[in-house]
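Have the picture open while you read.

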2 protein chains.
Amino acid sequence: MQIEIITVGNEILSGRTVDTNFAFLARALEAASVQVGWHTAVGDQSERIAEALHAALGRADAVVMTGGLGPTPDDLTRKAVATALGRPLRLDEQVVESIRARARTLRRTLPASVETQALIPIGAQLWPNRLGTAPGILILEDQKPVMLLPGVPQEMEALAEEHLVPYLRKRSRRVVETFTLRTSGVFESALQEKIGALPQGWSGASLAYLPSFFGVDLRVTVAGDDAEPVERVTGRAYRELRERVGPVVYAEGTHTMDEVVGEILLERGLRLATAESCTGGLLAKRITDTPGASRYFERGYVTYSNASKVELLDVPAADIEKHGAVSAPVAEQMAAGAARRAGVEVGVSITGIAGPGGGTEAKPVGTVFVGLSASGSTAARKFHFAGTRYAIRERSVQYALDMVRRQLQALPLEPRLDG
Amino acid sequence: MQIEIITVGNEILSGRTVDTNFAFLARALEAASVQVGWHTAVGDQSERIAEALHAALGRADAVVMTGGLGPTPDDLTRKAVATALGRPLRLDEQVVESIRARARTLRRTLPASVETQALIPIGAQLWPNRLGTAPGILILEDQKPVMLLPGVPQEMEALAEEHLVPYLRKRSRRVVETFTLRTSGVFESALQEKIGALPQGWSGASLAYLPSFFGVDLRVTVAGDDAEPVERVTGRAYRELRERVGPVVYAEGTHTMDEVVGEILLERGLRLATAESCTGGLLAKRITDTPGASRYFERGYVTYSNASKVELLDVPAADIEKHGAVSAPVAEQMAAGAARRAGVEVGVSITGIAGPGGGTEAKPVGTVFVGLSASGSTAARKFHFAGTRYAIRERSVQYALDMVRRQLQALPLEPRLDG
């Protein structure tokens with residue numbers, strides 16, 4: 001079953017509100033084996049809403065619309081759909097009563113306009129909205145379900161989980177399995193060369209390369225009519241992909257690098273301290289994004305000035321003088337100093353040139369050293385990152401965390417597809 | 001001019017990646033007087049891409065497509081557009097050369113597949129990509145611009161700002177003026193009450209309230225056919241709005257709080273140190289987002305453990321025992337300790353409960369203290385922030401920076417609309 005999702009709302013089309021409803025619905029539907037084939041967004045204009053619905057009915061097996069079900073004059077979805085499908089609106093007394101009951105429960109006087117939400121296209125089925133006044137609406141148009149949900153995220157999410165997804169899961173007979181391998185440290189093109197034509201042998205499967213600052217995610221989706229072959233192909237794809245790219249996989253699914261590092265530290269009973277210069281706190285911030293990080297993260301030093309590197313981390317001023325603050329020896333001493341001063345087992349450091357200024361011919365913008373101190377020994381790696389200050393800082397942190405992971409898992413510090 | 005934006009990518013259509021590119025483009029285009037009329041998202045399938053392009057050319061005055069310009073086999077936009085418009089791809093030697101030059105600069109071997117990005121539809125004009133290998137592509141199809149941008153956000157954003165927006169601004173003849181006042185510390189509803197019906201007197205103008213973790217931005221857009229009345233209304237709107245909400249405006253346009261704080265520090269020749277617990281480095285990170293922050297940011301302490309608060313910031317252990325680490329006295333001592341240890345004039349601290357765990361009845365999740373130390377005196381403010389761990393951390397940092405700003409500008413530490 002291929003579905004189209006239509007988002008209605010000027011606030012979405014103007015870019016002021018990011019359309020997180022769509023992403024939520026698409027993920028929820030995938031779990032119900034329903035594939036989203038198209039997504040369209042239009043503003044609060046009856047004609048555009050009707051056009052979008054007609055186009056969707058022409059190509060998709062089912063249509064979900066979100067937004068425009070509120071009580072204000074710019075909420076036009078109900079009316080536009082009623083006109084487009086030739087199903088006049090009638091006042092649904094049960095909905096009126098549930099709106100009034102809700103007002104009583106909340107001890108609130110709702111304006112009369114709220115009752116326009118009880119205007120429902122003839123022949124529609126309703127899904128009660130536990131969290132608001134606009135019910136979900138289901139219309140079968142030539143056997144194709146057209147489903148209207150409110151745009152308020154929490155109401156939309158509850159209606160989707162309680163009604164929309166179960167309803168579509170029942171209707172769809174298609175089976176979809178999916179998994180994601182998250183890689184770090186190698187380029188998309190290198191992965192592609194290594195993986196080669198492999199996916200062509202997996203019938204019903206597709207492989208997507210999803211690059212970001214955090215690395216390249218490999219997502220495999222397998223679809224079919226029966227569970228058995230879908231599971232078989234998924235298993236095979238998983239094994240073959242892991243075989244090819246395993247050495248650079250740091251996580252699966254939506255697991256993040258900072259979560260992975262945290263879990264390893266917890267498991268091993270180790271604690272971590274950070275020392276950073278050009279990333280200015282981003283490394284510590286990433287580690288503490290995970291709730292409960294205090295169990296393994298002791299402290300972080302943001303040693304932006306050279307004086308603070310000397311005072312707080314015991315980096316010899318002579319080394320800064322000789323090698324520069326952006327150098328392997330200083331990175332190693334920062335990591336070692338952080339671990340020693342914090343009294344913890346693992347120290348990790350970042351020093352580099354995030355730009356846009358500050359680059360030289362010998363050390364251009366994007367030159368970054370990551371230092372590591374663990375079990376009494378230290379190491380450093382040098383990187384050249386491309387992109388903006390933002391990109392350079394994000395990448396530096398991801399590589400630093402990956403170095404911690406590699407050290408603790410006794411892998412070579414430098415990611416290699418062959419090893 | 002009404003434009004359609006088409007996003008290409010399975011990762012978008014599956015909901016795994018939220019389409020922030022679209023929101024960025026819609027906002028950037030609005031600034032160029034270009035209205036987004038439709039947004040469509042399709043997966044990595046040639047047929048769907050071609051269909052979406054045809055539909056868009058049938059209704060919009062211009063089409064922007066993002067995504068699918070990479071070097072891997074699932075990047076199909078170039079080919080699909082070439083086929084749909086009947087413009088065969090040819091290898092552009094200049095693009096090949098720029099890809100090779102890029103590889104040399106980065107001292108990297110790029111695989112041969114990267115050069116597929118030099119395959120360009122015949123008759124297209126190219127926009128050079130400073131941050132990646134896929135250039136932007138402009139095709140005039142029956143006088144309608146079709147513009148292809150890569151999906152990597154930073155590359156897309158740079159190409160949009162440097163080429164797409166200036167190009168479309170030139171083509172559109174409507175006069176649009178816009179300004180934004182950024183407020184912090186008061187709710188949208190309070191601003192609304194204060195501003196009242198004011199905008200109804202500004203002909204041709206619209207006022208948008210844009211709430212985010214950073215506060216509420218007030219954006220005024222004035223459109224018309226002639227420059228003179230548009231400028232007159234803009235000037236009036238600006239004066240009247242500043243008059244009403246001036247006391248809570250921290251910046252204009254896209255100026256950020258950390259930039260504003262940095263400028264004040266620079267101007268006054270002051271330096272700053274930070275000490276943070278629950279924000280785990282985010283405060284220092286925000287300050288160092290601005291290039292050149294080393295001129296006023298000396299160092300940051302991420303004192304996650306209690307021991308580190310005592311050791312690094314001289315917070316008396318007895319005070320942590322007595323008041324708790326999340327308390328006004330500890331916040332003040334953290335700020336004072338950071339300033340004193342760093343030898344700088346201004347210290348700012350954050351200690352709180354970002355959740356989801358760790359809350360108590362007396363100090364629920366979202367309880368945050370910000371401490372300030374400047375010119376030898378200290379102060380603290382208590383906040384109750386709602387929302388997720390992410391939201392609480394972001395809001396804490398914004399309020400902490402605003403407190404530094406207010407202190408240095410001799411404003412009352414607590415924001416009030418009345419002055």
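## A proline in a loop

Start with Pro356(B), which sits in the loop between β15 and β16 of chain B. (Helices, H or I of at least four residues, and strands, E of at least two, are DSSP runs numbered from the N terminus.) The peptide bond leading from Gly355(B) into Pro356(B) is cis, with omega near 0°. Chain A has a cis bond as well, from Gly355(A) to Pro356(A), again with omega near 0°. Pro356(A) is in the loop between β15 (346-352) and β16 (367-374) of chain A. Why point this out? Because most peptide bonds are trans, and most residues other than glycine have a negative phi.

Before going on, some housekeeping. This is a predicted model, where local features need pLDDT of at least 70 and side-chain atom pairs count only at pLDDT 80 or more, while totals for chains, interfaces and linings use all residues. Residues are numbered from 1 along each chain as its sequence is written, and chains are lettered from A and ligands numbered from 1 in the order in which they are written.

Now for phi. Gln143(A) has a phi near 70°, a positive value in a residue other than glycine. You'll find Gln143(A) in the loop between β7 (136-141) and β8 (144-149) of chain A. Is Gln143(A) buried or exposed? With 8 other C-beta atoms within 10 Å, Gln143(A) is exposed. (Buried means 20 or more other C-beta atoms within 10 Å of the residue's own, exposed means 12 or fewer, and partly exposed is in between, with C-beta atoms placed from the backbone.)

Over in chain B, Asp142(B) is not a glycine either, yet its phi is positive, about 50°. Asp142(B) lies in the loop between β7 (136-141) and β8 (144-149) of chain B, and is exposed, with 7 other C-beta atoms within 10 Å.

## Chain A as a whole

Chain A has 14 helices and 17 strands. Its radius of gyration is 27 Å, well over the 22 Å that the globule rule gives for 419 residues, so chain A is more spread out than a compact globule. (The radius is taken over C-alpha atoms, and the rule is 2.2 Å times the number of residues to the power 0.38.) The C-alpha atoms fill a box of roughly 85 × 55 × 40 Å along the principal axes. Of the 419 residues, 51% count as buried.

## A four-stranded sheet

Look for the open sheet in chain A that runs β10-β11-β9-β12, with antiparallel pairing. (Two strands pair if DSSP finds at least two bridges between them.) The edge strands are β10 and β12 (249-252) of chain A, each pairing on one side only. Inside this sheet, β9 (residues 175-183) and β11 (residues 215-224) of chain A pair over nine bridges in the antiparallel sense.

In chain B, β10 (residues 205-212) and β11 (residues 215-224) pair antiparallel over eight bridges. They form a hairpin with two residues between them, and Tyr209(B) faces Leu218(B) in β11(B).

## A sheet across both chains

How do the chains meet? 59 residues of chain A are in contact with 61 residues of chain B. (Contact means that the C-beta atoms, placed from the backbone, lie within 7 Å.) The largest share of chain A's side, eight residues, comes from α2(A).

Where the chains join, β14(A) and β14(B) (residues 297-302) pair antiparallel over three bridges, and Tyr301(A) stands opposite Tyr301(B).

## A buried arginine

Finish with Arg393(B), in helix α14 (residues 389-408) of chain B. Arg393(B) is buried, with 28 other C-beta atoms within 10 Å. Leaving out residues up to four places away in sequence, Arg393(B) touches Cys278(B), Thr279(B), Leu282(B) and Ala354(B).

Technical notes:
Two residues are in contact if their C-beta atoms, placed from the backbone, lie within 7 Å.
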